[in-house]
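Work through the exercises below with the model open. Each task is followed by a solution in steps.

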Amino acid sequence: MRMYGYTLEGWGMSAYLRGQIAKMANVNTETLRYYEELGLIAPPQRSKSGYRVYSDDVLTRLAFIQNAKSCGFTLKEIKKALIKSSNGQITIGDFITVIEQKTDKIRAEIAKKEKTLTMLDNLKKELQTTDKHPEVQTTLRVLNMES
């Protein structure tokens, strides 16, 4: 649905002003400017009166960027994928490989966080016991919390 769009005279396409497309894509206008600087979206066309105007294609690209970000991809990774795809240099197999690498990295981060949680739980239990482990006693002395 093109609630805010209008047709550019002579271009035969829907166009949106910066504020309009930002609202539709649920990003702020500075984000649009930043994505333009990074090359994630193409610089917009200009209307006769000099306003920046964006097409439906930009709206689609912004949705892709937001989805990729919510899957944990960085803007650098997203840009790399967009460049490769524009040159026809990425296949579904390549994309699956990148997803698997991202998944492995996240699983490793989760494992590290789970180990940290276990260590914290053990420390808490140790602090709550009356017969504390010697290392915990040393830590408490360093922190001036001897009990």
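**Exercise 1.** Is V98 buried, partly exposed or exposed?

Solution. The model is predicted. V98 is found in helix α5, residues 92-128. Its relative accessibility is 34%. Buried requires under 20% and exposed over 50%, so V98 counts as partly exposed. Together with F95 and I99, V98 makes a nonpolar surface patch of about 220 Å².

**Exercise 2.** Find the salt bridges in the whole structure and describe where the partners lie.

Solution. The search gives three salt bridges.

- Step 1: E36 pairs with R18, with 3.0 Å between the closest N and O atoms. This pair links distant parts of the chain, as E36 belongs to helix α2 (residues 29-38) and R18 to helix α1 (residues 18-25), 18 residues apart. Both E36 and R18 are buried.
- Step 2: R33 and E30 form a salt bridge at 2.8 Å, N to O. Both residues sit in helix α2, three residues apart, about one turn of the helix. R33 is partly exposed at 33%, and E30 is partly exposed at 47%.
- Step 3: K102 and E77 meet in a salt bridge at 3.0 Å, N to O. K102 in helix α5 and E77 in helix α4 are 25 residues apart, and the pair links distant parts of the chain. K102 is buried, with a relative accessible area of 11%, whereas E77 is partly exposed at 32%.

**Exercise 3.** Classify how helix α3 is oriented to helix α4.

Solution. The axes of α3 (residues 56-70) and α4 (residues 75-86) come within 10 Å and cross at roughly 130°. That angle makes α3 oblique to α4. The crossing of α3 past α4 is right-handed.

How values were computed: Residues are numbered from 1 along each chain as its sequence is written. This is a predicted model: local features need pLDDT of at least 70, side-chain atom pairs count only at pLDDT 80 or more; totals for chains, interfaces and linings use all residues. Side-chain values use heavy atoms; hydrogens and water are left out. Patches are made of residues with over 30% relative accessible area and no salt bridge: like charges are joined within 9 Å, nonpolar side chains (Val, Leu, Ile, Met, Phe, Trp, Tyr) within 5 Å. Accessible areas come from the Shrake-Rupley method with a 1.4 Å probe; for residues, only the protein chains shown count as cover. A salt bridge is a side-chain nitrogen of Lys or Arg within 4 Å of a carboxyl oxygen of Asp or Glu. Helices (H or I, at least four residues) and strands (E, at least two) are DSSP runs, numbered from the N terminus. Buried means under 20% relative accessible area, exposed over 50%, partly exposed in between (1.4 Å probe, protein chains only). Axes are lines fitted to C-alpha atoms, for helices over the stretch in contact, and angles run from 0 to 180 degrees between N-to-C directions. Angles under 35 degrees count as roughly parallel, over 145 as roughly antiparallel, 65 to 115 as roughly perpendicular and the rest as oblique. A crossing is left-handed if the near helix is turned anticlockwise from the far one by less than a right angle, and right-handed if clockwise.
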